[in-house]
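The following note comments on one structural model, point by point. Please read it alongside the sequence and coordinates.

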Amino acid sequence: MSDHDHGNEHASRGVSRRKVLECMTWAGTGVLWTISAGVPRSLGIIDEAMAQDAGSLTFLQISDSHVGFDKPANPNAAGTYEEAINRIKALPIKPSFMIHTGDITHLSKPSEFDDADRIVSQARLDVHYVPGEHDVIDQEAKLYRERYGRGTKGAGWYSFDANGVHFIGLVNVVDLKAGGLGNLGNEQLEWLENDLKGRSASSPVVVFAHIPLWTIYPEWGWGTDDSARALDYLKRFGSVTVLNGHIHQVMQKVEGNLTFHCARSTAFPQPAPGAAPSPGPMKVDDGKLRNMLGITNVTFRRGQQRLAIIDTPLQS
Amino acid sequence: MNAMKAMMKCSLFVAAALQVAVLAGVAVVPITPAGAADATVKIDNFTFAPQQFTVKIGTTVTWDNEDDTPHTVASSTKLFRSNALDTGDRFSFTFTTPGVYRYFCSLHPHMIGTIVVEATTGAKVVQ
């Protein structure tokens, strides 16, 4: 698939601006990941991938719903979030669960969390969350932790297992330093090292966090200062898939056994790196908005190490 | 009404000036009243403008978020920290001690700025 080729090119030549922009032109709606032979790859069409194996683990990634956002780039972010959930409800194969990679709300207001919970509950699926910086605006991230932090460590990190895949939710949006990027912090990194200790290198790992764990564009803060240490702990595993949000556009890179993927927002698009004076919400023609919002579908098939990822726009 | 307001402002200023003079133990009449010249830092396109701003002691600096994204104003030394400022929201802080005050947006930490507070004599004091 063309997106996979892009990923390999990134790995071997580094991410040039031209390549990034080429990747940007790749349009999908959800991301469907299939793990096979160590390197995750994405398949072309959501139905094609899902039809391949009914016994597989399929989960969905949603991101950056920004409930409460009402600016010209999308005056009704709650509405497009609901459209995304409706698409999920209509999937031919029901996913096992969802992960939400943060920026659930726009301003961490109780009413925004309430609206977001009401909308997402219509999917009738478990949701595993990590916070975005918009969810932890109140001091100590009290509201986020009250709602989604049960059973988590620190600012809300945790791990769980499903169908032989080890999932790790990381928090890289708290205690940010002036002039810096995303931040995991020593406590969380030590926890991660312990969490991975003793695990078989053959077990597939899925890591999800809000801000990308690979450096995409530091001028806009699109990276995580101390992610190299986390990736170091992960590199011995045969299949590692890193799912992020934050940048409101699909971007993918393959580096050895690590596959990095950023999902679309369900609220508003953001410009390609460096393509605008700032990473603020990008206003597009009303008719094009839903082509730039979407969900991500991920499938793991037992016996194969590659995850199939399919991004599906709300409208294509 | 405006005249009344001006007069009240004036009397307040005189009272404040007298207090300063008494506290300092010297009879001086400051030429520039401390705190009279307020200053605004505009937030737009994920930047603080001006990024480095030099003000007199006693100045109240107001940050005005004109961006379509919420931001915060957070001192690097935790001296001050705003709530999230949505579009059109403002945050003010009065600087009463000379020094160099670095701050950033805690949501987008690549956004940084500096307020340099000068003593009324104009001498710069670096913290």
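1. The largest nonpolar core has 97 residues. A nonpolar core is here a set of buried Ala, Val, Leu, Ile, Met, Phe, Trp, Tyr and Cys residues joined through C-beta atoms within 7 Å. Those with the most contacts inside the core are A:Tyr81, A:Leu170, A:Val171, A:Val207 and A:Ala209. Helix α4 of chain A (residues 77–89) gives the most to this core, with 6 residues.

2. The model is predicted: local features need pLDDT of at least 70, side-chain atom pairs count only at pLDDT 80 or more, and totals for chains, interfaces and linings use all residues. Residues are numbered from 1 along each chain as its sequence is written, while chains are lettered from A and ligands numbered from 1 in the order in which they are written.

3. Chain A contains 9 helices and 13 strands; these are DSSP runs numbered from the N terminus, helices being H or I of at least four residues and strands E of at least two. Of its 316 residues, 55% are buried. A residue counts as buried if 20 or more other C-beta atoms lie within 10 Å of its own, as exposed if 12 or fewer do, and as partly exposed in between, with C-beta atoms placed from the backbone.

4. Two residues are in contact if their C-beta atoms, placed from the backbone, lie within 7 Å. Among contacts in chain A between residues at least 6 apart in sequence, 74% join residues at least 24 apart. Not counting residues up to four places away in sequence, A:Ala209 touches A:Thr101, A:Val130, A:Leu170, A:Val171, A:Asn172 and A:Asn244.

5. Chain A has an open sheet of 6 strands with mixed pairing, in the order β6-β7-β8-β9-β11-β10; two strands pair if DSSP finds at least two bridges between them. Strands β6 (158–162) and β10 (251–255) of chain A stand at the edges with a single partner strand each, so one side of each has no neighbour in the sheet. Strand β10(A) pairs with β11 (residues 258–262) of chain A in the antiparallel sense over 5 bridges, and A:Met251 stands opposite A:Cys262 in β11(A).

6. How are helices α7 and α8 of chain A packed? Helix α7 (residues 186–196) and helix α8 (residues 227–234) of chain A meet at an angle of about 5 degrees, with their axes 10 Å apart. Axes are lines fitted to C-alpha atoms, for helices over the stretch in contact, and angles run from 0 to 180 degrees between N-to-C directions. The two helices, α7(A) and α8(A), are therefore roughly parallel, a label given to angles under 35 degrees. A:Leu189, A:Leu192, A:Glu193 and A:Leu196 of α7(A) make the contact with A:Arg229, A:Ala230 and A:Tyr233 of α8(A).

7. A:Asp138 lies in the loop between β5 (127–129) and α6 (142–148) of chain A. A:Asp138 is partly exposed, with 15 other C-beta atoms within 10 Å. Leaving aside neighbours within four places in sequence, A:Asp138 is in contact with A:Ser108 and A:Leu143.

8. A:Ser316 belongs to the segment after β13 (307–313) of chain A. A:Ser316 is exposed, with 10 other C-beta atoms within 10 Å. Its C-alpha atom and that of A:Ala201, 115 residues apart along the chain, are separated by 39 Å.

9. Finally, the interface: 16 residues of chain A are in contact with 17 residues of chain B.

Conventions. Parallel < 35°, antiparallel > 145°, perpendicular 65-115°, else oblique.
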